[in-house]
Amino acid sequence: MNGILTFLFRCVVVLLGYAVAALCSSAFLHLVSLPMLGLTAEEAPAVMMGSVAFSIPFIALFVAYFAFIPSLFAILAGEIIGLRDWLYYAIAGGAIGAIVMGYFRSATDADQSLIGEPGFMFALVGAGMCGGLGYWLIAGRSAGGWRQPRDITSSAP
């Protein structure tokens, strides 16, 4: 019974880590796109507060939707193999950003949209890397720990 509870707790931690990853990716995309708005110094704080309160969580829903399937494979690989290195999650996040870029390229005409620009590709890869690091902070540092048997006889009182 203890093993089932440990596994269920791990699933909750993974879901929380994925939510944090989506929020980190959304925040990175907002920070990258903010200079394109051409705001004055007086307007920037109000726009940033609106972004934090509404736009970042809203865009995080889209990030989580588009990145779910590739993230599922990266998370499962990390859990099964027990990868706890931050570099794995950063590289996996960048690869997930590139895969999401491929989704967008196949769905639109790349010659007539923002998707064809290299800056957009680098922004998505960077957002994926930030998301991967956010996931690592919450769930990646303890990946695979639920599979290791604990010896309760050797614990000191």
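Author: Happy to! A quick term before we start: a helix here is a DSSP run of H or I with at least four residues, and helices are numbered from the N terminus. By that count, L72 lies in helix 3. Keep in mind that this is a predicted model.

Reader: Good to know. Is L72 buried, partly exposed or exposed?

Author: L72 has 36% relative accessibility. Buried means under 20% and exposed means over 50%, so L72 falls in between as partly exposed.

Reader: What sort of surface patch does L72 belong to?

Author: A nonpolar one. Its members are F68, I69, L72, F73, L76, I80, I81, I99 and Y103, and together they have about 870 Å² of accessible area. Helix 3 and helix 4 are the elements that each give two or more residues to this patch.

Reader: Which helix gives the most to the nonpolar patch?

Author: Helix 3, with seven residues.

Reader: Let's switch to pockets. What volume does the largest pocket have?

Author: About 790 Å³. The lining of the largest pocket counts 36 residues, and S25, L29, V63, L124 and A127 lie nearest the centre.

Reader: And which helices supply at least two residues of that lining?

Author: Helix 1 (2-33), helix 2 (44-66), helix 3 (68-81), helix 4 (86-107) and helix 5 (118-138) each do. Helix 5 gives the most, with nine residues.

Reader: How does the lining of the largest pocket split by class?

Author: There are 25 nonpolar, ten polar and one charged residues in it.

Reader: Nice. What about the second largest pocket, what's its volume?

Author: That one has a volume of about 290 Å³. It is lined by 13 residues, with C11, V14, I75, L76 and E79 the closest to its centre. Helix 1 and helix 3 are the elements giving two or more residues to this lining. By class, the second largest pocket has ten nonpolar, one polar and two charged residues in its lining.

Reader: One more change of topic: where is A22 found, and is it buried or exposed?

Author: A22 is found in helix 1. Its relative accessible area is 5%, and the cut-off for buried is under 20%, so A22 counts as buried.

Reader: How far is the C-alpha atom of A22 from that of A127?

Author: They are separated by 9.0 Å, although A22 and A127 are 105 residues apart along the chain.

Reader: Great, thanks!

Terms used:
Residues are numbered from 1 along each chain as its sequence is written. This is a predicted model: local features need pLDDT of at least 70, side-chain atom pairs count only at pLDDT 80 or more; totals for chains, interfaces and linings use all residues. Side-chain values use heavy atoms; hydrogens and water are left out. On a 1 Å grid over the protein atoms alone, a cavity is a set of points where a 1.4 Å probe fits but cannot get out, and a pocket is an open set with protein on both sides within 12 Å along at least five of seven lines; lining residues have an atom within 4 Å of a point. Grid points are joined across faces, edges and corners, and a volume is the space filled by probe spheres set on the points. Ala, Val, Leu, Ile, Met, Phe, Trp, Tyr, Cys and Pro count as nonpolar, Asp, Glu, Lys and Arg as charged, and the others, Gly among them, as polar. Patches are made of residues with over 30% relative accessible area and no salt bridge: like charges are joined within 9 Å, nonpolar side chains (Val, Leu, Ile, Met, Phe, Trp, Tyr) within 5 Å. Accessible areas come from the Shrake-Rupley method with a 1.4 Å probe; for residues, only the protein chains shown count as cover. A salt bridge is a side-chain nitrogen of Lys or Arg within 4 Å of a carboxyl oxygen of Asp or Glu. Buried means under 20% relative accessible area, exposed over 50%, partly exposed in between (1.4 Å probe, protein chains only).
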